[in-house]
Amino acid sequence: MAMTQATTSGSTPAASSPASPAAGSPAAGAPGAPQKDGRTVRRSLPRRLMARPEIGALIAAIGVYAFFFSVAPAFRDAGALATVLYQASVMGIMALPVALLMIGGEFDLSAGVAVTASALTASMLSFQLSMNVWTGVVVALVTSLAIGAFNGYMLIRTGLPSFLITLGTFLILQGANLAVTKIFTGNVATDSIRDMDGFAQAQRVFASEFSVAGVQVKVTVVWWLLFAAAATWLLLRTRFGNWIFAVGGNKDSARAVGVPVNLTKVALFMGVGAGAWFVGMHLLFSFNTVQSGEGVGNEFLYIIAAVIGGCLLTGGYGSAIGPVIGAFIFGMVSQGIVYANWNPDWFKAFLGVMLLLAALVNLWVRRTATRR
């Protein structure tokens, strides 16, 4: 969108000049003279690259990688990269739908606890009713989609900001996760489902690992990249992708040209629910049990990854590649501090600095890209 605005904002020389050439002059009458039109001006390749939302995050990622590569020798190992990619994938799978929602002009502060709610639903339903774990997985998916649909429906019906709607959902889920878990288990964690039917098959889908050149890689890395490719295709090659940008830029204008604004926003919230379900299943089948108090605060990490990746808080601008890079930066920082033998208490401070720097770089990139 920024590229379109930049190339269409230029006016023709005749329109911008206080006086037009005489009708009989060669400039006006020469039949073969090329006519310059600001709408057809092609910018250079570097300028077009600078207009990409994720370019600022890419610059930051290169800098962060070079920094930890130089100060932490353990960071250079292939096993360390696999660990970084795993941390990034768990964060990035959720950052993708959160980024799409932000491009659509909305927020979801319940995303973190929604992950835990999904895992708790699958775990307790399977264990308490002695059912195949796949039944719990399916019910958890329906529940997660319903939570997303509820957020979207409340947004449409009330007209309240999504910040307030999802803040309420966050508090509801946080309390329900703790209370319901204690009712059924008498504890703050669910019972282990490792020995239940279907566990091994579900674990292979959501939490397995495979070897690449002797290095163990989690399957979530593959899922993360596949979801990123699908989200990129959705944004750039489908009508729904155009709708996302339109409702995020100006929902009233989008509605005026026939964009189904309400449907688009509900679908985006349900996309966050689907992401929460997948990450919840990964956590469940990785650790066999779920702590009911987990997930609080993770919603801000998802938003940070999206913002670092170039998504604007005002909506209408961003990409799917950006949050992938933002999540990778998160993985590098979280593990790089450990490999450098620093105090892990500095992690949040480092992440805050990265957020501010990314916001400033993104602002500079957009201004540079749109400058004539």
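Tutor: We will start with the whole chain and then look at single places.
Tutor: This is a predicted model, in which local features need pLDDT of at least 70 and side-chain atom pairs count only at pLDDT 80 or more, while totals for chains, interfaces and linings use all residues. Residues are numbered from 1 along each chain as its sequence is written, and side-chain values use heavy atoms, with hydrogens and water left out.

Student: Ok, how many helices and strands does the chain have?
Tutor: There are 17 helices and two strands in the chain. Both kinds are DSSP runs numbered from the N terminus: helices are H or I with at least four residues, strands are E with at least two.

Student: And what share of the residues is buried?
Tutor: Of 372 residues, 45% count as buried. Buried means under 20% relative accessible area, exposed means over 50%, and partly exposed lies in between (1.4 Å probe, protein chains only).

Student: How do E1 and E2 run, parallel or antiparallel?
Tutor: Antiparallel: E1 (residues 209-212) and E2 (residues 215-218) are joined by four bridges. Two strands pair if DSSP finds at least two bridges between them. Glu209 has Lys218 in E2 as its bridge partner.

Student: What sits between those strands?
Tutor: The hairpin has two residues between E1 and E2, and Ala213 takes a positive phi near 55 degrees there. Most residues other than glycine have a negative phi.

Student: Where else is there a positive phi in a residue that is not a glycine?
Tutor: One is Asn341, at about 60 degrees. Asn341 lies in the loop between helix H16 (321-339) and helix H17 (347-370), and is exposed because its relative accessible area is 71%. Ser130 also has a positive phi, near 50 degrees. Ser130 is in the loop between helix H7 (111-128) and H8, and counts as exposed at 63% relative accessibility.

Student: New topic. Where does H6 bend?
Tutor: Helix H6 (residues 78-103) bends by about 30 degrees at Gly92. The bend is the angle between axes fitted to the seven residues ending at a residue and the seven starting there.

Student: Why is H6 called largely enclosed?
Tutor: Because 20 of the 26 residues of H6 are buried, the rest of the structure largely encloses it. Just after H6 comes Gly105, with a positive phi of about 90 degrees.

Student: What about His282, buried or exposed?
Tutor: His282 is buried, because its relative accessibility is 2%. His282 belongs to helix H14 (residues 261-287).

Student: Which residues does His282 touch?
Tutor: Leaving out residues up to four places away in sequence, His282 touches Tyr86, Val90, Phe206, Ala207 and Thr220. A contact means heavy atoms within 4.5 Å.

Student: How far apart are Gln291 and Asn177?
Tutor: In sequence they are 114 residues apart, and in space 9.2 Å, C-alpha to C-alpha.
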